[in-house]
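Hi there,

Here is the structure I said I would pass on.

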Amino acid sequence: MVSADGHATILSLSAASAEKVKPIVEVVQRYGRAGPFEVSITGNYPAQNDFSKLSQEDLEHGELAFGLPAALVVLVLVFGALVAGLVPVLMALVAILVALGLVAIVSTAFSLSVFVVNMLTGMGLALGIDYSLFVISRYREERTRGAEKQEAIARAGATASRAVALSGSTFVIALFGMFLVPTQIMRSLALGAILVGIVSVAGALTLLPALLGLLGDRVNSLRVPVLGRDIGRSEAAEGRLWRRIVDRVLRRPALSLIIAAGLMLAAAAPIFGLHIGATGISSLPDTMPSKQGYLAVGRYFPAQSTYPAQIVVQDAGGQVRAKLAGLERTLARDPRFGTGTLVPSPLEPTLLLSVPVRGDPASSAAVRAVRELRRSIIPAALAGTGAHALVGGDTAENADYFDAVTGPTPVVLALVLGLSFLVLMVAFRSLVVAVVSILLNLLSVGAAYGLLTLVFIHGVGASLFGFQQAPTIEAWVPLFLFSVLFGLSMDYQVFLMSRVRERYDASGDPADAVATGVASTARIITGAALIIIMVFIGFARGQLVMFQQMGFGVAVALFLDATVIRVVVLPSAMSLLGRRAWYLPGFLHWLQRRSEESGGPLQGRLSGVH
C-alpha cells in the first residue's frame, strides 16, 4: 500500500455509520496539513457527510437567504402593500413548520434522505405563497366590486379557494406517482413535497380566511408609493396592458400559435441528447474533505479504489475458487478495474472477490464496467461450475439505482397524465380543455428537458449561470421535474381556466372569455410564477449540481409556462377551437347538470358576481 513514487500510503478504516466518521474527518481537517505530512480522507461515509453539509448550506444560502426575500419583494410589487405581501409569506412559513413536524414523525418509522428538508422548504415557499396569493387577490377583487367583508371572503372561498383545492389535489396526484419508484431519495422528495402541499392547501382553506376576517381592509395597509395607488379602484381589476397583448395575439391566432409552439419545440429539441446518471463524489467542490481524498487516491494509487465491486459466490468449492482466481487475474489486466483480493468467509463456503473499479463510482464509465461485469465477464469466468455470483458495492448500487428510476417511468407518466386528465375534465366539464391542458404542460416540460440538456450536458451558458457542466443529468431529476412541473403548472391552468369558464358561462362568447380570463389573471399568474422562479433560483444557486439542475429546470419551465404558454399558445388555441373547446361527450352530460346545480365550475352559489 505504498505509491509507486514512494511518497504516499493508504490506511483502510471501517466505520459503522457516517456519524462515526465525523470525528476522524475533523482530526484530518485539523492536522492534515499542519505537520510534515499531508493527510486526507475519502470513502462513502465521508462523502455522505459532505453531501449533507452542502445540502444544509444550500438551504440556508439559497432557499432561505435568497428565495424567501425575493418572494417577498415580488409579493409587495404584485399587491402594492406590505401587509398583503407578508401574509402569504407567513402562511408559507406555517406550512413549512407543520410539514417538518409531520416529516419528523414519519422519520421515526422510515429512513428518509437528508434532501427532504431542502425539497420541503422550497416547495413550501412556492406553494404556500402561491395559494395565498390566489385567495387574497380574489378577496381584494371582490371588495373592489363592492362586496362586504364577509361576503368577499365567502366569494373568494367559493372561487379561488376551490381552485386552490383542485390545483393542490392535482399537485399531490402528480407527486404520488413517484412512490412507484423504489428508491429512498425519490420517495423522500415526494413525501416532503406532498406533505407541504397538503398543509399549504389546508392553510389556504382555513387559516387564511380567518386572517382575512381579522385584517379586513387592513390587508392593504402600508401601501407602496406608486404601486399602491390603484388599490381599490375597480378599473384596475383587469390588466389593461395584458388585455392589449392578448387582443394582438387573438387578431392572428394561427400565426401566433405556430410561432410560439415552434419556439417551444425548438427549445425541446436538445432532449434527444439527454443522458441520466448520478452526480457522485467528483461533482463535489474541491474544498470538501472527501473530494480531496478522492483526488489523492486517484493521483497516487490509480489502480486502487475506495469503492470496489464486491463479487460474492456461495457454495464455492475448489473448482469455483480456481475460476475466481482466474477472474481476479483477468480483471487485473483490464484497464477499467484493478488488482483484486480474494477473501474466504469464516462461516460458510462463500468467497468474496473485491475488485477496484476505476473512477467515480457514479460515472457512466464505471457503471458500464460493472454492468458488463455482471452481464458477460463473470458468467464467462464461472461457466460450467453452476455457481451464481452476486455483485455489490457502490458502483453496482448506482447501476441498480438508475434501473430503479427509469424502469417505472412509463407507469408514472401514464398515472400522472391519466389522473390529471380526469380531474381537469370533471373540473371544467370539457374533454377538449383537459386534452389541451395536458398537451401544453407536456410542451413546457419538454422545453425544460431540452434546455436542461443544452446547459448542463453541452455546457451552453453553464459558466454564465455559475453551473457545473456534467456528463449526465441526475437520474431522479427528469422524473421528479416532470411531476413537480405538472403539478405547479396546473395551478396556473386551473386558476386561469376557471376564470375563462366563468366568463364563458356568463357571456357565451369564446373569444371574449379567453381574452377576459387571461387579462384578469395575467398579473397574478405572472407574479405567482415569478415567486416560484425566485425560490427555485435559490436551489440553482447552490453547490450541489443535482439541485442546480432541478432548480434551473423548474425555473425555466415555469417562466415559459407563465409567458409563452399562458399569454400566446393557450389563447391562440382556445380562439381557434371556439365553442368546440367546451365539448363534452353525451355520456358525460351528467357532469354538466351537477355543475349547474352547484353554480358552475369551481364556484358555488355565492360566486355569482357577473
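Below is what I found, going from the whole chain down to single residues.

Keep in mind that this is a predicted model.

**The chain as a whole**

The protein chain has 20 helices and 6 strands. If you draw a box around its C-alpha atoms along the principal axes, that box comes out at roughly 90 × 55 × 45 Å. The chain runs to 610 residues, and 55% of them count as buried. I also looked at contacts between residues at least 6 apart in sequence: 79% of these join residues at least 24 apart.

**The sheet**

Four of the strands form an open sheet, and the order to look for is S3-S4-S2-S5, with antiparallel pairing. S3 (341-344) and S5 are the edge strands; each has a single partner strand, so one side of each has no neighbour in the sheet. On average, neighbouring strands here are turned by 20 degrees against each other, if you ignore direction.

S2 pairs with strand S4 (residues 351-355) over 5 bridges, in the antiparallel sense. Within that pairing, Gln-310 sits opposite Ser-354, and Val-312 sits opposite Leu-352. S2 also pairs with strand S5 (residues 389-392), again in the antiparallel sense, over 4 bridges. There, Val-313 has Ala-389 as its bridge partner.

**Two helix pairs**

Now for the helices. Two packed helices are described by the angle between their axes and the distance between the axes.

Take helix H2 (residues 44-79) and helix H18 (residues 510-540): they pack at an angle of about 165 degrees, and their axes are 7 Å apart. Angles over 145 degrees count as roughly antiparallel, so H2 is roughly antiparallel to H18. The crossing of H2 and H18 is right-handed. If you want to find the contact on screen, the H2 side includes Gly-62, Phe-66, Gly-67, Ala-70, Ala-71 and Val-74. On the H18 side, the residues include Ile-524, Gly-527, Leu-530, Ile-531, Met-534 and Gly-538.

The other pair is helix H15 (residues 431-457) with H19, which pack at an angle of about 140 degrees with their axes 8 Å apart. That angle makes H15 oblique to H19. This crossing of H15 and H19 is right-handed.

**More on H19**

H19 deserves a separate look. Where is the kink in this helix centred? H19 covers residues 545-577, and it has a kink of about 50 degrees centred on Ile-565. H19 is also mostly covered, with 26 of its 33 residues buried. Just after H19 comes Gly-578, which takes a positive phi of about 60 degrees.

**Some loop residues**

- Leu-222 lies in the loop between helix H7 (207-215) and helix H8 (240-251). Most residues other than glycine have a negative phi. The phi of Leu-222, though, is positive, near 55 degrees. Is Leu-222 buried or exposed? The answer is exposed, because its relative accessibility is 56% and the cut-off for exposed is over 50%.
- Gly-146 is in the loop between helix H4 (116-144) and helix H5 (149-176). Gly-146 counts as exposed too, because its relative accessible area is 53%. Gly-146 and Ala-202 are 56 residues apart along the chain, and their C-alpha atoms are separated by 28 Å.
- Thr-472 is in the loop between helix H16 (462-465) and strand S6 (473-474). This residue is buried, because its relative accessibility is 5% and buried means under 20%. Leaving out residues up to four places away in sequence, Thr-472 touches His-275, Ile-276, Gly-277, Ala-278, Ser-364, Ile-457 and Gln-549.

Cheers

Note on methods
Residues numbered from 1 in each chain as written. Predicted model: local features only at pLDDT ≥ 70, side-chain atom pairs only at ≥ 80, totals over all residues. Heavy atoms only, no water. Bend = angle between axes of the 7 residues up to and from the residue. Helix = DSSP H or I, 4+ residues; strand = E, 2+ residues; numbered from the N terminus. Buried < 20%, exposed > 50% of the residue type's maximum accessible area, 1.4 Å probe, protein only. Pairing = 2+ DSSP bridges. Axes fitted to C-alpha atoms, helices over the stretch in contact; angles between N-to-C directions. Parallel < 35°, antiparallel > 145°, perpendicular 65-115°, else oblique. Left-handed = near helix turned anticlockwise from the far one by under 90°. Contact = heavy atoms within 4.5 Å.
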